[in-house]
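Here are a few notes to read alongside the model.

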Amino acid sequence: MSFGPLTAAAAVPNCVRTQLNDKGYTDRLTVTNTCKSLQRVKVVIANDTDKACRSFGPGFSYKYNWSYPGRFDKLVPC
């Protein structure tokens, strides 16, 4: 069995916005979908458990938090 060439991983569109407050022991992240379509994203946390994949309708936000030593790494599509 052969597979085609690898393609670049899809990226989360720029219309999915993040606002991070990493002051203090607990970090807080708000992810907001300003796109005109449903977006599915997962929050990747370094040094801690990643957050579950979530569906964000247009205009919706989710708030996440975690404690040190975790830190926000990235958003990935899911």
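Strands, as named below, are DSSP runs (E, at least two residues), numbered from the N terminus; helices would be H or I runs of at least four residues. This is a predicted model, in which local features need pLDDT of at least 70 and side-chain atom pairs count only at pLDDT 80 or more, while totals for chains, interfaces and linings use all residues. Residues are numbered from 1 along each chain as its sequence is written, and side-chain values use heavy atoms, with hydrogens and water left out.

1. Searching the whole structure turns up two disulfides, a disulfide being a pair of cysteine sulfur atoms within 2.5 Å. Counting bonded cysteines along the chain, the pattern is 1-2, 3-4.

2. Cys15 sits in the segment before strand S1 (16–21), and Cys35 in the loop between strand S2 (26–33) and strand S3 (39–46), so the bond ties together parts that are 20 residues apart in sequence. The link is right-handed because the torsion about its S-S bond is about 90 degrees.

3. How accessible are the two ends of this link? Buried means under 20% relative accessible area, exposed over 50%, and partly exposed in between (1.4 Å probe, protein chains only). Cys15 counts as partly exposed at 23% relative accessibility, whereas Cys35, at 7%, counts as buried.

4. Cys53 is joined to Cys78 by another disulfide, with an S to S distance of 1.8 Å. Cys53 belongs to the loop between S3 and strand S4 (54–56) and Cys78 to the segment after strand S6 (71–77), so this pair connects parts that are 25 residues apart in sequence. The link of Cys53 and Cys78 is right-handed, with 80 degrees about the S-S bond. Cys53 is partly exposed, with a relative accessible area of 29%, and Cys78 is partly exposed at 41%.

5. Now for the backbone. Most peptide bonds are trans, and most residues other than glycine have a negative phi. Which form does the peptide bond from Tyr68 to Pro69 take? That bond is cis, with omega near 15 degrees. Pro69 is placed in the loop between strand S5 (61–67) and S6.

6. Please look at Asn47 too: its phi is near 65 degrees, a positive value in a residue other than glycine. Asn47 lies in the loop between S3 and S4, and at 59% relative accessibility it counts as exposed.
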